[in-house]
Amino acid sequence: MSVVADRYQAIVERVVQAAQRSGRSAELITIVAVSKTQPADALIAAYEAGVRHFGENRATEFAVKHAELAQLRDANWHFIGNLQTRQSLPIAQYADHFHAVDRVKIAERLSRQLVEIGRNLPVFIEVNVSGEESKHGFQCGTWENDDRQRETVLQAVATIAALPRIEVRGLMTMAPWGVDEALIRDVFRRTRELSLWLQTQLPDHDFSALSMGMTDDFEIAIEEGATHVRIGRAIFGERH
Ligand SMILES: *Cc1c(COP(=O)(O)O)cnc(C)c1O
């Protein structure tokens, strides 16, 4: 077995255990192997180990790998990075999921391209629940007590959800880095509560998916309801 296969198996087991701890079914949790910066060989090794979901965060790198690895026919491509407006075409063409809708404009642009191409794109809306200034995503740092912030997010989400060919699946967030577990857990829990609230406000749309958790915090994220964990280093090793 390859090193990647060993690491992936270990992650699958940890996902199963975290799901069990929280009384959830591990089958409802998708492991997105974040393959950014990794060469095609590493993705093939991961595929042979059973990985079917890959995460990339640069439009050009994604387009190249998608073409290079066309033989992996049942691979699912998750674009997890923030997207510059003029780089949206390969995402509209080839991504199976887009995790980082952080502004209405990028969703509108993707929607126009998707209509032209004739395909749908499931998306996650990125929310900044920790309130850190360095983070992307819609400002939701105080959504529970701030009517204006809450209404602004609701408006944006409603606009995005109504766009042709864009299929909202739920929210994506990133926890703060290098802080107490309690704080990380809090951000994940509040993201889930926000998704439940959005679901009550927009009952005709689907907010059941939650993309949260990475190498250092995916178990906490699963305990707090993550359906998609995005794991890079723990599967592929440190990035160069
Ligand atoms: C790189 C990246 C990940 C994976 O991070 P690891 O710490 O390597 O698991 C997850 N999500 C996003 C948005 C990323 O850019």
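**View 1. Contacts across the whole chain.** Among contacts in the chain (heavy atoms within 4.5 Å) between residues at least 6 apart in sequence, 59% join residues at least 24 apart. This is a predicted model, in which local features need pLDDT of at least 70 and side-chain atom pairs count only at pLDDT 80 or more, while totals for chains, interfaces and linings use all residues. Residues are numbered from 1 along each chain as its sequence is written, and side-chain values use heavy atoms, with hydrogens and water left out. The chain has nine helices and nine strands; helices (H or I, at least four residues) and strands (E, at least two) are DSSP runs, numbered from the N terminus. The radius of gyration of the chain is 17 Å, close to the 18 Å from the globule rule for 240 residues, so the chain is as compact as a globular protein of that length. Here the radius is taken over C-alpha atoms, and the rule is 2.2 Å times the number of residues to the power 0.38. Along the principal axes, the C-alpha atoms fill a box of roughly 55 × 45 × 30 Å.

View 2. Buried residues make up 52% of the 240 residues, where buried means under 20% relative accessible area, exposed over 50%, and partly exposed in between (1.4 Å probe, protein chains only). Look also for the 27 positive and 33 negative side chains, whose two centres lie 4 Å apart. Lys and Arg count as positive and Asp and Glu as negative, leaving out His and the chain ends; each charge is placed at NZ of Lys, CZ of Arg, CG of Asp or CD of Glu.

**View 3. Phe54 up close.** Phe54 sits in strand S2 (residues 53-56) and counts as buried because its relative accessibility is 0%. Setting aside neighbours within four places in sequence, its contacts include Val32, Leu43, Tyr47, Leu72 and Trp77.

**View 4. Two loop residues with positive phi.** Most residues other than glycine have a negative phi. Thr37, although not a glycine, has a positive phi of about 70°; look for Thr37 in the loop between strand S1 (30-34) and helix H2 (40-48). Arg165 is not a glycine either, and its phi is positive at about 70°. Arg165 lies in the loop between H6 and strand S7 (166-172). Thr37 is partly exposed at 43% relative accessibility, and Arg165 is partly exposed at 34%.

**View 5. Thr152 and Arg233 in their helices.** Thr152 belongs to helix H6 (residues 147-161) and, at 52% relative accessibility, counts as exposed. Arg233 is in helix H9 (residues 233-236) and is partly exposed, with a relative accessible area of 25%. Leaving aside neighbours within four places in sequence, Arg233 is in contact with Thr215, Asp216, Glu238 and Arg239.
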